[in-house]
Amino acid sequence: MKHFLSTEHWSQSALQEMIDFAVELKQNKFQPLLKNKSVALLFFNPSLRTRTSFELGVHQLGGQAVVLQPGKDAWPIEFELGSVMDGEAEEHIKEVAQVLSAYCDLIAVRAFPKFKNWQDDRQDLLIKSLAQFSTVPVVNMETITHPCQELAHIMALQENLGDLKGKKYLLTWTYHPKPLNNAVANSSLMIATKFGMDVTVLCPNEDYLLDEHYMQLGQSYSAQHGNKLTISHDIDSAYEGADVVYAKSWGALPYFGQWQKEKPIRDQYKHFMVDETKMAKTNNALFSHCLPLRRNIKATDGVVDSKNCIAIQEAENRLHVQKSMMNTLINHS
C-alpha cells in the first residue's frame with residue numbers, strides 16, 4: 001500500500017506515469033476503473049475545485065464518494081496521541097482511520113495549518129496520523145503541500161510547452177490582504193525543480209523565503225538535473241526571459257500566526273502584482289495560478305484574460321490527474 005501525501009515520496013518517472021494516464025483519461029473520461037470502490041473525502045476546510053473534481057472523478061470511474069466535514073456533519077476529531085479528550089473532539093483519529101478503512105478503499109483529506117505555530121504545523125501531523133492508522137491509501141487534498149495541484153500544473157505545462165527540461169520557471173510571491181497557506185508555493189517549488197526547470201523564487205525579502213525543508217528539496221532536485229534554483233528580490237531580473245510565471249501569495253514564516261505584525265510589512269509590496277509590464281519582460285511566458293485568484297490584487301485582468309493564462313486548463317486537469325492517481329493507489333499499489 002502506498003499513500004499520496006507529498007510528491008517528495010514519488011519519483012519523477014512515477015509521477016510522469018500518472019500524468020501520462022491522465023492525458024488518456026482526459027480523452028476518455030468514463031472508465032470503470034473504480035467500479036464497486038468507495039472513497040471517503042474529509043474536508044476540514046472549504047473547497048470548490050478540490051471537492052468538485054474528486055467527487056466527479058470518483059463517479060466518472062464508477063465509484064462512490066462519501067463527503068464528510070468533521071465538526072459540521074461528522075464528529076470533531078482529536079489527532080494528538082495520548083490526549084485527554086475533554087474538549088470539542090468526540091472521536092480520535094485512531095478510530096476514525098480504522099472505521100473509514102473498513103468502509104472505504106481510499107481516504108482523502110483537506111486540512112490547512114492552524115496558523116499558530118509553524119514548527120507544529122510543518123510536521124503535518126494530521127494527515128500523517130491518519131496515514132499511520134489507516135489500512136487503505138491516504139491522499140493529500142491540501143495540507144502544507146498540494147500534490148494534486150502539482151500534477152495538474154505539470155500536465156498543463158507539458159500540454160503547452162512539451163519537454164520542460166531547462167525551461168525558466170518563475171515562482172513569484174504576490175500580495176494578498178489575508179494570511180494564506182504556503183502549500184501551493186511549497187509544492188510548485190518542489191515539482192518545478194523535480195521536473196528539471198531552472199527555477200527562480202521571487203519574493204520581497206528573506207522573511208518570505210519558504211520553509212528550509214522545501215528550499216533544500218528544490219536545491220537537491222535542481223542539482224540532480226544540472227539546473228539551478230535562484231532566490232531573487234528583484235522584480236525586473238526575475239521576470240527576464242521566463243517561460244512560465246506562476247503566481248502565489250504566501251505568508252512570512254517569521255510572522256507565522258502573527259498576522260497583525262506581518263500585515264504592515266506585507267502592505268508595502270502590493271506592486272508585486274503580476275501585470276502586463278512585468279509579463280512583457282518574459283519569453284512570451286505562460287501565466288498560471290492555482291485559483292481562487294483575486295483579480296487586480298494578485299494579477300491584472302489583462303494578464304488573467306490573456307491567451308497565455310492557463311489557470312483554467314490547470315484547474316480542469318485536477319480532475320484528470322486525480323482520477324489517474326486514485327487508480328494508481330487503489331488498483332496498482
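The largest cavity holds about 30 Å³ of space. This is a predicted model, in which local features need pLDDT of at least 70 and side-chain atom pairs count only at pLDDT 80 or more, while totals for chains, interfaces and linings use all residues. Residues are numbered from 1 along each chain as its sequence is written, and side-chain values use heavy atoms, with hydrogens and water left out.

**The cavity**

A cavity is a set of points on a 1 Å grid over the protein atoms alone, where a 1.4 Å probe fits but cannot get out. Its lining residues have an atom within 4 Å of a point. For volumes, grid points are joined across faces, edges and corners, and the space filled by probe spheres set on the points is taken. Searching the whole structure gives one cavity of 30 Å³ or more. Its lining is made of His-146, Gln-149, Glu-150, His-153, Val-184, Ser-187, Ser-188 and Tyr-246. Helices α6 (147-161) and α7 are the elements that give two or more residues to this lining. Helices here are DSSP runs of H or I with at least four residues, strands are runs of E with at least two, and both are numbered from the N terminus. By class, the cavity lining has two nonpolar, five polar and one charged residues. Nonpolar covers Ala, Val, Leu, Ile, Met, Phe, Trp, Tyr, Cys and Pro; charged covers Asp, Glu, Lys and Arg; the others, Gly among them, are polar.

Helix α7 (residues 183-194) also holds Thr-193. Thr-193 counts as buried because its relative accessibility is 0%. Buried means under 20% relative accessible area, exposed means over 50%, and partly exposed lies in between (1.4 Å probe, protein chains only). Leaving out residues up to four places away in sequence, Thr-193 touches Val-199, Gly-218, Tyr-221, Ser-222 and His-225. Contact means heavy atoms within 4.5 Å.

**The pockets**

A pocket is an open set of grid points with protein on both sides within 12 Å along at least five of seven lines.

| Pocket | Volume | Lining residues by class |
|---|---|---|
| Largest pocket | about 670 Å³ | 13 nonpolar, five polar, seven charged |
| Second largest pocket | about 510 Å³ | 11 nonpolar, seven polar, eight charged |

The largest pocket is lined by 25 residues, and those closest to its centre are Phe-79, Phe-112, Lys-114, Asp-121 and Leu-126. At least two lining residues come from each of β3 (77-78), α4 (118-121) and α5 (125-133). Helix α5 gives the largest share, three residues. The second largest pocket has 26 lining residues. Nearest its centre are Arg-110, Phe-112, Glu-142, Leu-291 and Pro-292.

Helix α5 also has a buried side. Its residues Ile-127, Ser-129, Leu-130, Ala-131 and Phe-133 are buried. Their cover includes α3 (93-103), β5 and β6.

**The sheet**

Four strands make an open sheet, ordered β2-β1-β5-β6, with parallel pairing. Its edge strands, β2 (64-68) and β6 (138-140), each pair on one side only. From one strand to the next, the twist averages 20°. Helix α13 (residues 311-332) packs on the sheet and touches β1, β5 (106-110) and β6. The direction of α13 makes about 135° with that of β5. Axes are lines fitted to C-alpha atoms, for helices over the stretch in contact, and angles run from 0 to 180 degrees between N-to-C directions.

Strands of a sheet pair through backbone hydrogen bonds, either parallel or antiparallel. Two strands count as paired if DSSP finds at least two bridges between them. Strand β1 (residues 38-43) runs parallel to β2 and is joined to it by five bridges. Ser-38 stands opposite Gln-64 in β2. Five bridges also link β1 and β5, again in the parallel sense. There, Leu-42 has Val-109 of β5 as its bridge partner. Between β5 and β6 there are three bridges, also parallel. Val-109 stands opposite Asn-140 in β6.

How many residues of β5 are buried? Five of the five are, so the strand is largely enclosed by the rest of the structure. Leu-106, Ala-108 and Arg-110 point one way from β5, while Ile-107 and Val-109 point the other way.

**A loop residue**

Glu-80 sits in the loop between β3 and β4 (91-92). Glu-80 counts as partly exposed because its relative accessibility is 46%. Glu-80 and Ser-333 lie 253 residues apart in sequence and 29 Å apart in space, C-alpha to C-alpha.
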